[in-house]
Amino acid sequence: MEKKYWQSIEEHLEVKKGENVANNKPQPEFSIEGLDETEIKGKSSRRDFLKMLGFSVSAVALVSSCQMPVRKAIPLLNQPADLTPGVPNFYASTFFDGNDYCSILVKTRESRPIKIEGNDMSPISQGGTSAKVQASVLNLYDDARLKNPVKVKADTDWETMDKEIMNNLESLSLSGKKVVLLTSTIISPSTKKLIGEFINKYPNIEWVTYDAVSYEAIRKAHELNFGEAIIPTYSIENAKVVVGFNADYLGTWLDPVSFSKQFSKNRKLFKGNTNMSRLYQFESNLSLTGSNADYRYGIKPSQEATVLLNLYNEVAKETGMSTYNAPASPVDVKKAAKDLLKNKGKSLVVSGTNNLNIQLIVNAINNALSNYGQTLDLSRPFNLKQGNEEAMAKLVKQMNNDKIHGLMVYNVNPAYDYYDSKAFVNGMSKVKFKVSFADTKDETAELCNFIAPDNNYLESWNDAEVIKGEMSIQQPTINPIFNTRQFQDSLMKWAVISGVFRDYLENNWKTILPAEGNFKTKWNQTKHDGVYSYTIEDKEFNFAEQKLAAGKPSSGIELALYEKIAIGNGKYTNNPWLLEMPDPITTATWDNYVTVSVKYAEENSLKFEDVVKINGSIELPVIVQPGQADGTIGIALGFGRTAVGKAGNGVGKNAFSLANINGNISLLGKEVTIEKTGSTYPLAVTQIHHTMEGRAIARETTLPEYKKNPNSGNEQHLIDEKNNATLYGKIDFDGIQWGMTIDLSTCTGCSNCVIACQSENNVAVIGKEQVKNRRIMHWMRIDRYYSAEEANPDVYHMPVMCQHCDNAPCENVCPVAATNHSNEGLNQMAYNRCIGTRYCVNNCPYKVRRFNWFEFSNNNQFDYNMNSDLGKMVLNPDVIVRQRGVVEKCSLCVQRLQDKKLTAKMENRELRDGEVQTACSQSCPTDAITFGNLLDENSQVSQNVKEDRMYHLLEQLHTLPSTSYLTKVKNREV
């Protein structure tokens, strides 16, 4: 029976009923600004079209001939030694926002950061990035950033603020009244040392660490089992079998950039290599990790402990460990147990649930499998997620009991994201002295007497030790844009420590770098590389067995809160790049919502965009989500901000109040009620945009089939290639034919490439309404396909961009030759020729061309970064900002190609393989995208196209794309 693929549950259900979606619901092809597209469909004659075309061309000519923009330039009289206009500089630095870590390179133009890349020298990030890391450069140019220090809601100067804060600190210290410094997790050794000195100066200060999304149970479980409250490092790279429980380690759990890089190394299949890891995932929501798993099982949060205990018993019986009484598992665990036992010491079990009993079971399984010291390292633990829930709860209680007299808040926003924010806000109102270091006037900063705005991380010095023994440097790439000051410099000022934090950091590194040799040389090399490793001796850890228990059964609807890959815990809710990034699973933008299972939706007559009320308080629209576990619903955190900025204020609803089970921070398992309100709410979802009518889906096979026949799943490629014939003449390439391959076995669908492309190529943000109108401008999209059953479907992610066809259908139909073919195989766009007929858009079978329906820059209707002088500082000067009426699409980052070609020419040499990287290929955390010269027999891309798994989209059309794909292989039994 032929396998069916589908993009949305609505499409799937209609096809099942025998209805032809394409015929019943034709999509609009022609639109005039100001009119409803559905009104125009079928009513526009050829005469109307030509009249509109003539008017548009005349209007553009008139405007362009009568209006010349005023251009301002300031001459650079004294050129800095390290600055050459037009030539970028790169600086090694570190991204850490209190949650996510990445070692990075910052690209600057004329001392202006414009792009983030991964640092290849980092043994942790290994050159990869995430969507949040890519978009973080836009936060530097956020209009919502504070421009000056604030005292009682009014701007002030640093001298006045410093004097008043120091007087308050001295007074409270002399009287012995308690002050709390509340911070996010801090992984900087130098900052920790400085905080220690600050507390020595004011011994009445207590330091409390708070994580909005807590993983404290992992630390507590290891403290009970091994005597130290640590989070071990996880070596997914060395694990042949990984079993995950509600841990989205490829998306948001702990260190997804590093985990994605490790994951990909065990999923690459090339001639001579058929080794592949196997992934099991047990989860409530369909996560990015679940969508890439070989075997996935839907479970309720209340069932997780029972499933884990059954898995433990299966392992314990074969390893001589004691077993426990447990109810029968709701899903089969014997297959996973068998694979784990076959790979003792080369397997890994992880859980993302903040529950002590669950983490104890996970530790017991890993111990029984001898995984500690192999795929889990206790000697080199993670320094992430150090929040103390008990201390935070105590702080809130003491504030409400008038026992806290001062509060200093750094890099956290509990007035928004604490599960009992009302109690926190009420307690804050009783504290007289309150200081925030927020760089924007967020929900917590609004309640403070003083705001000492911190620098953006791209304006700051710091260091980081994400894993014990693995350090990195953060250094400024631009002078502070506003009158802000680094958090550490403020502490030094108030603790009367002389100098600035840059010098303090350097002096502290004198105790970190080896004593022998010249310190300045080693320090400069560390800043250049951005990373530094030192040796850690292995420690002996003995496992202390703890009592384990199954979960309590529940018959109600259970909530599974989660972080979106783009938005996280809400820190980036004002970043329009991330707000408009389609979620890799639901493909929704600009909102959060309630995901419900197909079964629940059918039983309760719920449809897409129906509004429901959760626990009688939070109202959100519904998305019917294939793969959602029965008896559960999912809601994303990070939305519902009230004090974040013009892009994010009022977007979605705040669900942090639901992250509470018996006074503990827990995202999973809270029983909730759902009430249908009878209203609807529109969502901007891209899953059915740019459909290729089911013709260009991801091809797949299984590992056993691939071993028997490397062409498995790709047989159609051989048929299409044999039947190819053409009337076109052969293209005379000039020594280069640029090409790209995408390995679907390693692509996770994380969408890092989408934001990297947007950042590099000045792709406009268009807002929710225009996304709903199917006008999203991303040059690169991630198609998401389902197959098999609705309850637990297989999922496939496929990046699609301009295929740069040698027989390009778009080139033939352009009446003004605005789209043409280069002698290096690029399908080029001449923007100043394009008159916007959109013939090329209609004739492209891949639907990858984007039309500028509006002027998206300098337009108050699209009040995002391109409508702000500050926001426009992020624009890449090597890429033109497109105007209204122009078609645009992927150029394979032609500006980068030209740059490297010129460099090679100046050095009198040929281009090296891998020297030229597109924005998507350079930043991909799984190395799924390979770019290079197809005419170079030794290049990686030319080797990839010789693979038996290689195919092109819509090969039967004989467009001869320069972009090819490698069939997705799942490591499962046939």
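Which residues are buried in helix 9? In this predicted model, they are Pro256, Val257, Ser258, Phe259, Ser260, Lys261, Gln262, Phe263 and Ser264. That makes helix 9, spanning residues 256-265, a mostly covered element, with nine of its 10 residues buried.

**Helix 9 and its lysine**

- Lys261 is a residue of helix 9, and it counts as buried because its relative accessibility is 3%, under the 20% cut-off.
- Setting aside residues up to four places away in sequence, Lys261 touches Ser125, Gln126, Gly127 and Gly128, and also Cys924, Pro925 and Asp927.

**Helix 18**

- Helix 18 runs over residues 501-509, and its buried residues are Phe501, Tyr504, Leu505, Glu506, Asn508 and Trp509.
- Among the helices that these buried residues pack against are helix 7 (189-201), helix 17 (487-494) and helix 19 (519-529).
- The buried residues of helix 18 also pack against strand 18 (462-467), strand 19 (470-474) and strand 20 (531-533).

**Domains**

- The domain assignment divides out domain 1 (216-382), domain 2 (557-685) and domain 3 (700-970) in the protein chain.
- The centres of domain 1 and domain 3, taken over C-alpha atoms, are 36 Å apart.
- Domain 1 and domain 3 do meet: 21 residues of domain 1 are in contact with 27 residues of domain 3.

**Cavities**

- The model holds 16 cavities of 30 Å³ or more.
- The second largest cavity has a volume of about 520 Å³.
- It is lined by 35 residues, and those closest to its centre are Asp248, Asn285, Leu561, Tyr562 and Glu563.
- Strand 21 (residues 557-562) gives the largest share of the lining of the second largest cavity, with three residues.
- Sorted by class, this lining of the second largest cavity has 16 nonpolar, 14 polar and five charged residues.

**Nonpolar cores**

- In soluble globular proteins, nonpolar side chains tend to be buried together.
- The largest nonpolar core here has 186 residues, and the members that touch the most others are Leu182, Tyr234, Tyr249, Trp253, Leu407 and Phe424.
- Helix 5 (residues 131-140) supplies the largest share of this core, six residues.
- Another core, of 37 residues, lies apart from it and includes Ile165, Leu181, Ile199 and Phe433.
- Tyr249, named above as a member of the largest nonpolar core, is in contact with Ile236, Val242, Pro256, Phe259, Leu279, Gln281, Thr289 and Val350, leaving aside neighbours within four places in sequence.
- Two of those contacts, Pro256 and Phe259, are among the buried residues of helix 9.

**Lys441**

- Lys441 sits in the loop between strand 16 (433-436) and strand 17 (450-451).
- Lys441 counts as partly exposed, because its relative accessibility is 32%.
- Beyond neighbours within four places in sequence, Lys441 is in contact with Leu146, Lys153, Glu446, Ile451 and Ala643.
- From Lys441 to Leu934 there are 493 residues in sequence and 52 Å in space, C-alpha to C-alpha.

**Asn148**

- Asn148 has its place in the loop between helix 5 and strand 5 (150-151).
- With a relative accessible area of 23%, Asn148 is partly exposed.
- Asn148 and Tyr202 are 54 residues apart in sequence, and 26 Å separate them in space, C-alpha to C-alpha.

**Gln374**

- Gln374 belongs to the loop between helix 13 (356-368) and strand 14.
- Gln374 is in contact with Ser235, Asn238 and Gly345 once neighbours within four places in sequence are left aside.
- Gln374 and Leu348 are 26 residues apart in sequence, with 9.3 Å between them in space, C-alpha to C-alpha.

Note on methods:
Residues are numbered from 1 along each chain as its sequence is written. This is a predicted model: local features need pLDDT of at least 70, side-chain atom pairs count only at pLDDT 80 or more; totals for chains, interfaces and linings use all residues. Side-chain values use heavy atoms; hydrogens and water are left out. On a 1 Å grid over the protein atoms alone, a cavity is a set of points where a 1.4 Å probe fits but cannot get out, and a pocket is an open set with protein on both sides within 12 Å along at least five of seven lines; lining residues have an atom within 4 Å of a point. Grid points are joined across faces, edges and corners, and a volume is the space filled by probe spheres set on the points. Helices (H or I, at least four residues) and strands (E, at least two) are DSSP runs, numbered from the N terminus. Ala, Val, Leu, Ile, Met, Phe, Trp, Tyr, Cys and Pro count as nonpolar, Asp, Glu, Lys and Arg as charged, and the others, Gly among them, as polar. A nonpolar core is a set of buried Ala, Val, Leu, Ile, Met, Phe, Trp, Tyr and Cys residues joined through side-chain atoms within 4.5 Å. Buried means under 20% relative accessible area, exposed over 50%, partly exposed in between (1.4 Å probe, protein chains only). Contact means heavy atoms within 4.5 Å. Domain bounds come from an automatic or database domain assignment.
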